[in-house]
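Please work through the exercises below with the structure open beside you, and try each task before you read its solution.

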Amino acid sequence: SSHGLIYPRIDRRLHVKSAEQIWEMVTGEPPSRPVTHQMLIALLHQRGAKFWGGIDFGYTAAFSLPVGAELGHRMFILEAIELTGLEPEQQKERSEFIQEMYHNPGLYPDTEVGGGVIRSWRRAGFRMMSWVKGKGSVLEGIEAVKTKLRPAGGEPELYFLDCDRVNVLVHRLSRYHWRMDALGRITDEPDKSDPDAPSDAADGCRYLVMNRFPLRSRKKQDPAEKV
């Protein structure tokens, strides 16, 4: 049932694409041979894509870091780190590969973690972007993701690479749902109690999308600004 789901219209047939399918979407022509992850990243880089990520920090909860390529009005999620039980330094160490692989993407972190953690990532060479969550940012961010998944009267503008780690993120998003009150009514707060759909994965994706494709109520973040 789709009752209470936050993203009821996410559909693997529409939103999950193989590397070859994304290649064709970008170039307009099917590839002449199988496309590796590195080949796809190189193509997107050559076509002027910018790489971005969102971070939701966690220890007992999950540490989540999805990375996507922004090309025009579209975003292709190519990576989705999800780790639990790691100290902040370990989380940072396990994320170092994205600096080289994804051309040191700009990262939008959960600002509630505190400036000390964010500054430590900066010292390690990560591009940590500044932004303000603000009142109502959860619902605003959810709406931004919904808008990219199914723009009014158009094709999707948010896609996910068909690979193991990203497929876990898609599964999390497809199960993500609203909290129910004591009478079984849907509230306007995401449910954080479902272990199969932890809010951490959805939060990292939300930070990424809402900052790169903000609704009209939010000014798009200047990429030059950093925490």
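The exercises that follow go from the whole chain to single parts, and they concern a predicted model.

**Exercise 1. Overall build**

Solution. Begin with the elements of the fold: the protein chain has nine helices and nine strands. The C-alpha atoms, taken along the principal axes, fill a box of roughly 55 × 45 × 35 Å. Finally, look inside: 51% of the 227 residues count as buried, and among contacts between residues at least 6 apart in sequence, 61% join residues at least 24 apart.

**Exercise 2. Helix 3 and its surroundings**

Find which residues of helix 3 are buried, and which elements these buried residues pack against.

Solution. First locate helix 3 at residues 37-46, where the buried residues are Met39, Leu40, Ile41, Leu43 and Leu44. Then follow their packing, which involves helix 2 (19-27) and helix 5 (97-101) as well as strand 2 (50-55), strand 3 (63-71), strand 4 (74-83) and strand 7 (158-161). Lastly, go just past the end of helix 3, where Gly48 takes a positive phi of about 90°.

**Exercise 3. A lysine in helix 4**

Decide whether Lys92 is buried or exposed, and find what its side chain reaches.

Solution. Lys92 is found in helix 4, which covers residues 88-94. Its relative accessible area is 8%, and because the cut-off for buried is under 20%, Lys92 counts as buried. The side chain of Lys92 reaches the backbone oxygen of Ser120 at 3.3 Å. When neighbours within four places in sequence are left aside, Lys92 is in contact with Ser120, Trp121, Ala124 and Phe126.

**Exercise 4. The largest pocket**

Describe the largest pocket by its volume, by the residues closest to its centre and by the classes of residue in its lining.

Solution. Start with the volume of the largest pocket, which is about 310 Å³. Of the 18 residues that line this pocket, Val138, Pro190, Lys192, Asp203 and Arg206 are the closest to its centre. Now trace the lining back to the fold: helix 7 (137-149), strand 9 (186-190) and helix 9 (199-212) each supply at least two residues, and the largest share, five residues, comes from helix 9. Sorted by class, the lining has 10 charged, five nonpolar and three polar residues.

Key. Residues are numbered from 1 along each chain as its sequence is written. This is a predicted model: local features need pLDDT of at least 70, side-chain atom pairs count only at pLDDT 80 or more; totals for chains, interfaces and linings use all residues. Side-chain values use heavy atoms; hydrogens and water are left out. On a 1 Å grid over the protein atoms alone, a cavity is a set of points where a 1.4 Å probe fits but cannot get out, and a pocket is an open set with protein on both sides within 12 Å along at least five of seven lines; lining residues have an atom within 4 Å of a point. Grid points are joined across faces, edges and corners, and a volume is the space filled by probe spheres set on the points. Helices (H or I, at least four residues) and strands (E, at least two) are DSSP runs, numbered from the N terminus. Ala, Val, Leu, Ile, Met, Phe, Trp, Tyr, Cys and Pro count as nonpolar, Asp, Glu, Lys and Arg as charged, and the others, Gly among them, as polar. Buried means under 20% relative accessible area, exposed over 50%, partly exposed in between (1.4 Å probe, protein chains only). A polar contact is a pair of N or O atoms within 3.5 Å; within protein, one must be able to donate a hydrogen and the other to accept it, and residues adjacent in sequence count only if both atoms are side-chain atoms. Contact means heavy atoms within 4.5 Å.
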